[in-house]
Amino acid sequence: MLALPSAVDARRTDAIVVLTGGPGRIPHALQLLQDGAAGRMLISGADPSVRPRELAAEYRVPPRLFACCIDLGAEAVDTRSNAEETARWVRTHRYRSVRLVTADWHMPRSQLELRYALANDAVEVIGDAVPTNPPFAMLVREYNKYLVRRAALLAGY
């Protein structure tokens, strides 16, 4: 039986990366950060016009948390560029382990892209999926995207 990925145990990582684009992702990642699951977090794919104070107010967390521990990545527009943006951030900070937060249905392709972007680095990527209830058609589309991207990577693209 196939099952969607779920949240993992609470082991600590160097950093948390959350991919924007769906409900529940940022609140889950913020809670992980506040619980001490990592010391720093990247929100990949943030709208360039969004300011840290706005996010702090929206998610009801102290602005000092954004000031000390959260970076906003505004370059990514899709899963592949999320991975590229994240890989640059991970290398800049010299992290060895990253907790990846995204929707359960999005996790396999997100991990594939991030592991590929970090291919020459010894970085552990731990998936921490936010549970959703996606329609079957969405699962089929996402699985097809995963297969196409996996084939492209195997072919060298």
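User: Let's start with Tyr-95. Buried or exposed?
Analyst: Keep in mind that this is a predicted model. Tyr-95 has a relative accessible area of 11%. The cut-off for buried is under 20%, so Tyr-95 is buried.

User: How many aromatic pairs does the structure hold?
Analyst: One. The pair is made by the rings of Trp-89 and Tyr-95.

User: Why is that pair tilted?
Analyst: The ring centres of Trp-89 and Tyr-95 are 5.2 Å apart, and their planes sit at 55 degrees. Stacked needs planes under 30 degrees apart and edge-to-face needs over 60, so this pair counts as tilted.

User: And Trp-89, buried or exposed?
Analyst: Buried, at 9% relative accessible area. Trp-89 is one of the buried residues of H4. Among the others are Ala-83, Thr-86, Ala-87 and Val-90.

User: What covers them?
Analyst: The cover includes strands E1 (15-19), E2 (40-44), E3 (70-73) and E4 (97-103). Helix H5 (107-117) is also part of it.

User: What span should H4 have, at 1.5 Å a residue?
Analyst: H4 runs over residues 79-93, which is 15 residues, so it should span 21 Å. Its end C-alpha atoms are 21 Å apart, which agrees.

User: Which residue follows H4?
Analyst: Arg-94. Its phi is positive, near 60 degrees.

User: Switching to H5. Where does Gln-111 lie, and is it buried or exposed?
Analyst: Gln-111 lies in helix H5. It counts as buried, at 15% relative accessibility.

User: What is Gln-111 in contact with, leaving aside neighbours within four places in sequence?
Analyst: Leu-100, Val-125, Ile-126 and Gly-127.

Notes. Residues are numbered from 1 along each chain as its sequence is written. This is a predicted model: local features need pLDDT of at least 70, side-chain atom pairs count only at pLDDT 80 or more; totals for chains, interfaces and linings use all residues. Side-chain values use heavy atoms; hydrogens and water are left out. Rings of Phe, Tyr and Trp (its six-membered ring) pair if their centres lie within 6.5 Å; planes under 30 degrees apart count as stacked, over 60 as edge-to-face and the rest as tilted. Buried means under 20% relative accessible area, exposed over 50%, partly exposed in between (1.4 Å probe, protein chains only). Helices (H or I, at least four residues) and strands (E, at least two) are DSSP runs, numbered from the N terminus. The expected span of a helix is 1.5 Å times one less than its number of residues. Contact means heavy atoms within 4.5 Å.
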